[in-house]
Amino acid sequence: MKERAREARAENRVIGLVPTMGALHRGHLELIERAKRDCSPVIASIFVNPKQFGPNEDFSKYPRTFESDSEKLQQAGVDALFAPEAAEIYPAGFSAYVNVEGLSERLEGRSRPGHFRGVATVVMKFLQIVQPHFAYFGRKDAQQSKIIMQMARDLNLDTEIVVCPIVREPDGLALSSRNAYLNAEERHAATVLHRALEAARNELAAGVRDALQLQAVLHRVLGAERFARVDYAEIVDAKTFEPVTRVGKPCYVVLAVFVGKTRLIDNLYIEPKEASSDDLEIRF
Ligand code: AMP
């Protein structure tokens, strides 16, 4: 991969990288489409990264559909697929990790200790191997995208991080490889995340700015769904992911909800009209 990327760079080509864990869906394919608009070659990676799963999480049962994934990538016009083995990425004696402090400790980081250390480390490694000009991530994982942007800035990486919009099913459910775990009843119940975000959006449109009031609306909608158990439902600052008391600048409404045994996340980016444009550093 390094050799191939080096050749492309020597030919002054613009390299795009789209990192994934496979089990590809339209969310991934839209990242690739976006990458193809900016870059040639576009390199996709598939790597189910053991370092970002906790001991009681779904690493061993995470969906692995390599054959159909590589067909989808070929059809999407990807120039190369990088799918290394775990032993190549983490050989015996591996001991250097990337830790993005602060941002990694909240929300997803609190519920999944060590998760973002695993994510930042593997993304750092892939960016070192490919040294792409652009790397594409989905806003579905808003906190992850922010952490990677912070890492790129703090560690002087030459890659520009591009964050792309959330791709959803027609009924609003955000596409996720983990949706494959849901049975028919749970699949129906899973729309509750989007319904809760829409309820918050309506309150905002009606002028509500108080975070507790918005949170109460989220809990009302989520609490009415008997298959759902809330992990967190918060309004956070879009830069720091710290909770806010009032929506006066760009924020995320962030949700993590168990539907049956499946943990799903979703979010809504909100940007009050009255916020000053200085706050706008987010590119979607
Ligand atoms: P994953 O394979 O789940 O690690 O995801 C790989 C990339 O695809 C990450 O940058 C995700 O944020 C992005 N992604 C996953 N689902 C979606 C979605 N529904 N919409 C947009 N991007 C997504």
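Visitor: Before we start, what does contact mean here?
Guide: Contact means heavy atoms within 4.5 Å. By that rule, 26 residues of domain 1 are in contact with 21 residues of domain 2.

Visitor: What kind of model is it, and which cut-offs apply?
Guide: This is a predicted model, where local features need pLDDT of at least 70 and side-chain atom pairs count only at pLDDT 80 or more, while totals for chains, interfaces and linings use all residues. Residues are numbered from 1 along each chain as its sequence is written, and side-chain values use heavy atoms, with hydrogens and water left out.

Visitor: Where are the domains?
Guide: Domain 1 covers 2–164 and domain 2 covers 177–283, with bounds from an automatic or database domain assignment. Their C-alpha centres lie 25 Å apart.

Visitor: How much area do they bury between them?
Guide: About 2100 Å², of which 45% is on carbon and sulfur atoms. Buried area is the accessible area (1.4 Å probe) that two parts lose on being put together, summed over both.

Visitor: How many salt bridges cross the interface?
Guide: The rule finds three between domain 1 and domain 2. It asks for a side-chain nitrogen of Lys or Arg within 4 Å of a carboxyl oxygen of Asp or Glu. The side chains of Glu108 and Arg263 form a salt bridge with an N to O distance of 2.8 Å.

Visitor: Which element gives the most to the domain 1 side?
Guide: That is α7, with five residues. Helices (H or I, at least four residues) and strands (E, at least two) are DSSP runs, numbered from the N terminus.

Visitor: Switching to the ligand: which residues are closest?
Guide: Met21, His28, Asp141, Val167 and Leu175, out of 17 residues that surround the ligand, each with a heavy atom within 4 Å of it. A backbone N or O atom of Met21 is 2.9 Å from a ligand oxygen. For His28, a polar side-chain atom lies 2.9 Å from an oxygen atom of the ligand. Leu175 has a polar backbone atom 2.8 Å from a ligand nitrogen.

Visitor: Last topic, the backbone. Where is the cis peptide bond?
Guide: Between Ser40 and Pro41, with omega about 10°. Pro41 sits in the loop between α2 (26–38) and β2 (42–46).

Technical notes
A polar contact is a pair of N or O atoms within 3.5 Å; within protein, one must be able to donate a hydrogen and the other to accept it, and residues adjacent in sequence count only if both atoms are side-chain atoms.
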